[in-house]
Structure formats: structure tokens, C-alpha cells
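Work through the following exercises with the sequence and the structure beside you, and try each task before you read its solution.

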Amino acid sequence: MDIWSQLERYREDGHVEAKEALGGLPESLWETYSAFANAEGGVILLGVGENPDKSFRILELPDPEWLLEDFWSVLGDPMKVSVNLLKEEDVQVIREEGKCIIAIFVPEARPSQKPVYLANDPWRHSYRRVGEADQRCSREEVEEMLKARET
């Protein structure tokens, strides 16, 4: 997917989320990861801001390699994220015109992996995608996903 050339056409929605990430990985990144994994998947763009008209603009990521190192470290910690769904090729640094962004392609988790949750607590830290927002799953939604694991 050639994200760079298509970026002007993107808007945040149920499958695309922009995060500035200028001061490091935003905490909301993990909620979006959980929400995409518990739904149909999506792409998280780091180093991308949102204009007033909802179009995207490229920002200057100061140290993408440091962000990636931090990202993989958190993703690999089961006390922070219940499951790592990503392969190396799902996370890309895209460079163009002297700037770069990071694209994280989050697949939908298999039923046996859901719910994908944070902080070792599926009841309070499982998320789902509703439009362009990440929302905490209800107790019933978590129970439904846990029951689907058994089938």
C-alpha cells in the first residue's frame, strides 16, 4: 500500500487513526491497537496530524528508530498488551521528501486471541472501534469474546 501518495485523501475512520507521536508513543496508541485488533483491523499512522478539515498532514518525527524500539518493547510485554499480533513487515517507516511517518498495520485478532486488552485486565482495558473513536468494551462484550475463545 502506497500510503504516502494517498495520505491527503485519508481521514480518520473505523480503520485509520493518526497520532502525532512527537513526544514519544502516545498512551492512546495502545487503546487503538486493542480496538483495531478486537474489530476488523486498521492502520495507525505515527507522525501524522489532523487538519481542521479532518485531512492529514505530515509532521517531523524526531527519532523514528527510538519510537520503534519503544513500540516493540511495549508490544512484547504481556503485562502491558495481552498479545502481539504483528510481524515485522506490519510496521513500516515510510520516508519521503526528507520526512518520515510510521505505519502500523494492525490485523483483526483471531477469535481465540480476543479480547486483545491492556494492563493485564480484559474487564477494564479492552477496546473496540466505534466510528473514529476507541471505546472501552462493556462487560458483556468482553464476556462474549471470551466465550468465542471456547468454540
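A residue counts as buried when its relative accessible area is under 20%, as exposed when that area is over 50%, and as partly exposed in between. Please keep in mind that the structure shown is a predicted model.

**Exercise 1.** Decide for Asp121 and for Arg124 whether each is buried or exposed.

*Solution.* Begin with Asp121, whose relative accessible area is 16%, so this residue is buried. Finally, look at the two together: Arg124 and Asp121 form a salt bridge, in which the closest N and O atoms are 3.1 Å apart.

**Exercise 2.** Find out which parts of the chain are tied together by the pair Arg95 and Glu65.

*Solution.* First, note that the side chains of Arg95 and Glu65 meet in a salt bridge, with 2.6 Å from N to O. Then place the partners: Arg95 belongs to strand β5 (residues 91-96) and Glu65 to helix α3 (residues 64-75), so the pair ties together parts that are 30 residues apart in sequence. As for accessibility, Arg95 is exposed at 52%, whereas Glu65 is partly exposed at 43%.

**Exercise 3.** Describe where Asn38 lies and what its side chain reaches.

*Solution.* Start with the location, which is the loop between α2 (28-37) and β2 (42-46). With a relative accessible area of 11%, Asn38 is buried. Its side chain reaches the backbone oxygen of Tyr127 at 2.9 Å, and the residues that Asn38 touches include Lys114, Pro115 and Met145.

Terms used
Residues numbered from 1 in each chain as written. Predicted model: local features only at pLDDT ≥ 70, side-chain atom pairs only at ≥ 80, totals over all residues. Heavy atoms only, no water. Helix = DSSP H or I, 4+ residues; strand = E, 2+ residues; numbered from the N terminus. Buried < 20%, exposed > 50% of the residue type's maximum accessible area, 1.4 Å probe, protein only. Polar contact = N/O pair within 3.5 Å; in protein donor to acceptor, adjacent residues only side chain to side chain. Contact = heavy atoms within 4.5 Å. Salt bridge = Lys/Arg side-chain N within 4 Å of Asp/Glu carboxyl O. Lists of a residue's contacts leave out its neighbours within four places in sequence.
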